[in-house]
Amino acid sequence: MKNYIDKNSEIYPYLLKEISSPPERLYYDGDISIIENTAIGVVGSRKASKYGESIAKKIGEKLCKSEITVVSGLAIGIDSAAHLGALDAGGKTIAVLGCGTDICYPAQNRRLMDRIRKEGLVISEYPDGTPPISYHFPQRNRIISGLCESTVVVEAGRKSGSLITAEFAASQGRNVYAVPGNITSFSSFGTNMLIRDGATPLIVIDDIIRDLGIEPKADEAAPVKLGADEDKIFKFICRSSEVTVDDISRETMMSPEKINGILTILEIKGLIESSLGKIFVV
Amino acid sequence: MLSKINTAALSGLNAMPVSVETDITRGMPGFYIVGLADVTIKEARERIRSAIINSGYEFPVERIVINISPAYIRKRGSYFDLPMAMGILADTRQIMTDELESWGFVGELSLDGKLKKVDGLLSMLMALRDNAECRVNKIVVPAGNSEEAGLISDMEVYAAESLLEILDHFNKNSQLRKIVPFRISQVNKDIKQDFHDVKGQEEAKRAIMIAVAGGHGILMTGSPSTGKTMLAERIPGIMPALDFDEILEVTKIYSVSGHLGEINPLACVRPFRRPHHKITGASLIGGGAVPMPGEITLANKGVLFLDEFGEFDRNVIDLLRQPLEDKKIDISRLGTGYTYPADFLLVAAMNPCKCGYYGDEQRECTCSPGEIQRYRNKISGPIMDRIDIHIRLHNIKYEEYVSGSSLSSKEMRCGIETAKKIQHERFTGTSISSNGQMTMKMIEKYVSLGECEEEFLKDAYKKYILNPRTLTKIKKVARTIADLRKSKNVELMDLSEAIRYREEGFDEKLH
């Protein structure tokens, strides 16, 4: 069975052909027609904070609602979250691998990879059986950026591989967005650096879509009603990015037990998230 | 001639009455001890001889045979010195009394005739008191053991400094000092280490309060110097004070394992044990030919604090499974089974990752994603399942450090005592005593939820990707939270708070 397309193939994306060293062949698994869709790369650090992951997931969801395909690298952390956001929203996603499309790397993403095979597309410039070799990964990053009109870097540490993707995107003349973070946050150092160097700070997710000339679909979610205490806590979290229960307790003068009770409710309502004891707005 | 002296022999944590039979006959002078005695007992010959002579009495130059009966039980320890010496003195008519039958003797002799403190005395006294066939109602113990012996009522217990004092007593020269019985009111109930000293960390204190109130195991995760140890050390102070039976039980354990000294002659406060992470399985659960109580037994009725939880050997930690479930440990050695109590509160603390700074605000974590996961995976799943409360600690900000308001141990203890009382009433007649031990059936019975609560749990189940096991834990913790506010029903806010204390899994983030 022939499971690759080559450079002369009709379906070979023109965006990819434009880059300086386009792959000769693209091996694939899944629905190859997806490759013709308008796509945006969503990449980021493997060691992501939950904030980063929830943003990546949200970007994935939003893009899919406007029928834009999400391209990423199937790594753990941000990449997985972006893929998952797209799949959960019923959209399309492309995973670009640094090994053969028959190999699952990292192994813990087996379930996610199987889902992408079924509902999306997995591609690689390496033939089946190629093991995941470390120098393949920077190389495959040029394909991620090459396939896409724009690339979003959600979270990147000082030396994250996603900075390479951003560099490729810039040199290919594509848009680079970076999600700004606290300047004290280690996991946002790389993205903040990109902004300093000229990347577009991503303030509103819809901007990515608008910049493509597409009008984003409005969120139909009904506004959530909050009680007085809930509102008080929620407003404080909104004001102060990441907080702990003790921070809230000091500010609102409520007892930790009461705050904890309310936090779960806010979390189930989908307004906040918590991770490693820190609470933040989604 | 033949004399018989009553004493007791230790076996594990318990003891049994034994008698020391002495027979002195004509023949080649010699001193023989039989009855499965170990080297310490055989060496007693020299101590007894010197002690008797140095007390101004005569040591017979005849053939002395001592049998410690029943002869088939292995005996060890130096506390047979005094009964053996008494046997020789009685047999040679150097003691002028005919009521030795109702007396018991325990103690080690030094060469000058002084009586030395022995380990495990409390168990021996209890054996002599409780055994129906034993007629002992007066007993002489070393003065160093006075405080411990005071725990025994319905028996006349006398303290002696030396062999000479005892002989003077029986020969009517002077009287031995009777030990004053212990009174629970004399226990100092002051809290030495107060939670008030721990600034900030109010959320953690609340979680600890719940853990203590319901007997839930707790795991604190946090970067170095976030106060994990400081919090843990203060936990025994907020537990209800030990009652008399508990003091008896704990003192017995500490006596047998030789942990009682001049500073702490009795175990009146809740134990706090903090074994090093290199501990072996045997010292954790108890070991030796006759097993000595391990850390889990020493922590009985108190706190077992496992600092650097991630650094413990996985197999060693796995040994905690039975004790956490049954509140006791069964050990079998040389064909004999020993059961030791192990009713402790598990308090564990660990770093979030190998370098310790994953998720820290001030320092960057240098671990790779794989390393972080491996660190977490080091802790065995079944043990994690037995820990109901998981919290994350943060670095204290300066404002928190200087802020005055802070929950004190006294307030915490007050709430805990109320919750304990409610649980005591609830579980009277069952085999358990706290919410943390509830079985599935009990949870069904005692955690009845309204429609609104059920609906909430359903949402939470989906949102947090819970499983039946985590749900069980949440319900147990919610029951304790409801008890803390003296509510009969478990309400939505109780569940909602309990959910905050669940284990935050790695895979929970996605999938």
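A crossing of two helices is left-handed if the near helix is turned anticlockwise from the far one by less than a right angle, and right-handed if clockwise. This is a predicted model, in which local features need pLDDT of at least 70 and side-chain atom pairs count only at pLDDT 80 or more, while totals for chains, interfaces and linings use all residues. Residues are numbered from 1 along each chain as its sequence is written, and chains are lettered from A in the order in which they are written.

**Helices H3 and H4 of chain A**
- H3(A), residues 78-88, passes H4(A), residues 110-119, in a left-handed crossing, helices being DSSP runs of H or I with at least four residues, numbered from the N terminus.
- Contact, meaning heavy atoms within 4.5 Å, joins Ser80(A), His83(A), Leu84(A), Leu87(A) and Asp88(A) in H3(A) to Leu112(A), Arg115(A), Ile116(A) and Glu119(A) in H4(A).
- The residues of this contact between H3(A) and H4(A) divide into four nonpolar, two polar and three charged, where Ala, Val, Leu, Ile, Met, Phe, Trp, Tyr, Cys and Pro count as nonpolar, Asp, Glu, Lys and Arg as charged, and the others, Gly among them, as polar.

**Helices H5 and H6 of chain A**
- The crossing of H5(A) and H6(A) is right-handed.
- On H5(A), the contact is made by Pro138(A), Asn141(A), Arg142(A), Ile144(A) and Ser145(A), and on H6(A) by Ile164(A), Thr165(A), Phe168(A) and Ala169(A).
- Classed in this way, the contact of H5(A) with H6(A) has five nonpolar, three polar and one charged residues.

**Chains A and B**
- Between the chains, 40 residues of chain B are in contact with 40 residues of chain A.
- Three salt bridges are counted between chain B and chain A, each a side-chain nitrogen of Lys or Arg within 4 Å of a carboxyl oxygen of Asp or Glu.
- Glu257(A) forms a salt bridge with Arg206(B), with the closest N and O atoms 3.6 Å apart.

Notes:
Heavy atoms only, no water. Axes fitted to C-alpha atoms, helices over the stretch in contact; angles between N-to-C directions. Helix = DSSP H or I, 4+ residues; strand = E, 2+ residues; numbered from the N terminus.
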